[in-house]
Amino acid sequence: MRRYGKNPDEDDVRVRPDRRGSRPRSRNRPKHEDATEGFVLTVDRGRITCLVQERTITAMKARELGRKGIVVGDRVAVVGDVSGDPGTLARIVRVEERTSLLRRTADDDDPYERVVVANADQLAIVTALADPPPRPRLVDRCLVAAYDGGLDPLLVLTKSDLAPADELLESYAPLGVRAVACNRDELATGAGAARVLDLLTDRVTAFVGHSGVGKTTLVNALVPARQRATGEVNVVTGRGRHTTTSALALPLPDDRGWAIDTPGVRSFGLAHVDPSRVIHAFPDLEPGTADCPRNCSHDEPDCALDAWVAEGHADPARLASLRRLLATRERREGD
């Protein structure tokens, strides 16, 4: 049997046909310039529900996106069948640049970062004043995540009929965080929802909170047309039961904005947070860091912020609040 010699360009060399077709492979990928813009409403086991041109469609992530995740709030480019008819499935081929990102880890030792919501303008931190009792350390951690991710924080206190809000509001006053309190009766009549709604207008707001604090009850009052399941607090453990299992973006009445309800959390790890970014949320203190030692934690003897505050450039309570937030990575939520 003849074998090919040194010259592989002989006329009788046989070339096997490519069973996958004759078109040569290319690294160039389509740009999908005709793709339609979509807004991700929820993600469930690989199926992504998007709002496209006032229609709700179901889509899946295109293979070319690789391991890139898609989360609620993402602005995406969609191709394929975007009619929204039953049984149709479109493809998400591009995730647009994100303006903000709410992230957390399971705990402070977990290197795996979980993206909760993208492109939200505001983070509503919901906490009950009683039943279950407030967890200030968890609130502090959510504040750090908001500052790190580029979201404006909003403190929403529920069940104000069971305990006064004054003490908790006073502890967060130096941070300048906007806050509102309401109770179940006010939510039922609409008065409490109206006060909260005024702080959400023209914004995309993500709601986060400990299980059982009334977060989903609040969202249901804000968006009465879309009722999500709610649960009760366990009388033995004082903990709530997870009733919201996936994040969901809901339009506020009269196109006033969006509310994103997220599953209740029992921990909020900050392993992904660079403490040096938290100072950006304190514009009155940030200039004082110019003389800080390299890699200063802003909570050490040589920190220049002490002299900055002593000279009257900022309120000492603001520095104390900054250091309290920076210390949250060294403390558990329940401490």
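Is Y147 buried or exposed? Y147 has a relative accessibility of 15%, so this residue counts as buried. Keep in mind as you read that the model is predicted.

## The protein as a whole

Let's begin with the overall picture. The protein holds eight helices and 13 strands. Of its 335 residues, 44% are buried.

The contacts tell us something about how the chain is arranged. Among contacts with a separation of 6 or more, 63% are between residues 24 or more positions apart.

## Two aromatic pairs

Now for the rings. Searching the whole structure turns up two aromatic pairs. One of them is made by F39 and W258, whose ring centres are 4.9 Å apart with 55° between the planes, a tilted arrangement. This pair links distant parts of the chain, since F39 belongs to strand β1 (residues 36–44) and W258 to strand β13, 219 residues apart. F39 counts as buried because its relative accessibility is 4%.

The other pair brings us back to Y147. Its ring and that of F282 have centres 6.0 Å apart and planes at 65°, so this pair is edge-to-face. Here too, distant parts of the chain are linked: Y147 is in helix α1 (residues 136–149), F282 is in the loop between α6 and α7 (305–310), and 135 residues separate them. F282 has 0% relative accessibility and therefore counts as buried.

## A charge over a ring

Another ring to look for is that of Y172. The charged end of R324 sits over this ring, 4.8 Å from its centre.

## The largest pocket

Where is there open space to explore? The largest pocket has a volume of about 510 Å³. It is lined by 19 residues, and the closest to its centre are V71, R104, R114, V115 and V116.

Two strands, β6 (101–104) and β7 (114–118), each supply at least two residues of this pocket's lining. The one that gives the most is β7, with three residues.

Next, find H272 in the loop between β13 (257–261) and α6 (275–278). With a relative accessible area of 13%, H272 is buried.

Which residues does H272 touch, leaving aside neighbours within four places in sequence? They are R103, R104, T105, E113, D148 and R277. For R103 there is a further detail: its backbone oxygen lies 3.2 Å from a polar atom of the H272 side chain. R104, on the contact list of H272, is also one of the residues closest to the centre of the largest pocket.

D198 has 54% relative accessibility and so counts as exposed. L197, by contrast, is buried, because its relative accessible area is 11%.

For L197 and A259, 62 residues apart along the chain, the C-alpha separation is 9.8 Å. Setting aside neighbours within four places in sequence, L197 is in contact with L222, L252 and R256.

Definitions and conventions: Residues numbered from 1 in each chain as written. Predicted model: local features only at pLDDT ≥ 70, side-chain atom pairs only at ≥ 80, totals over all residues. Heavy atoms only, no water. Buried < 20%, exposed > 50% of the residue type's maximum accessible area, 1.4 Å probe, protein only. Helix = DSSP H or I, 4+ residues; strand = E, 2+ residues; numbered from the N terminus. Polar contact = N/O pair within 3.5 Å; in protein donor to acceptor, adjacent residues only side chain to side chain. Contact = heavy atoms within 4.5 Å. Phe/Tyr/Trp six-rings, centres within 6.5 Å; stacked < 30°, edge-to-face > 60°. Lys NZ or Arg CZ within 6 Å of the ring centre and 35° of its normal. 1 Å grid on protein atoms, 1.4 Å probe; cavity = no way out; pocket = protein on both sides within 12 Å on 5 of 7 lines; lining within 4 Å. Points joined across faces, edges and corners; volume = space filled by probe spheres on them.
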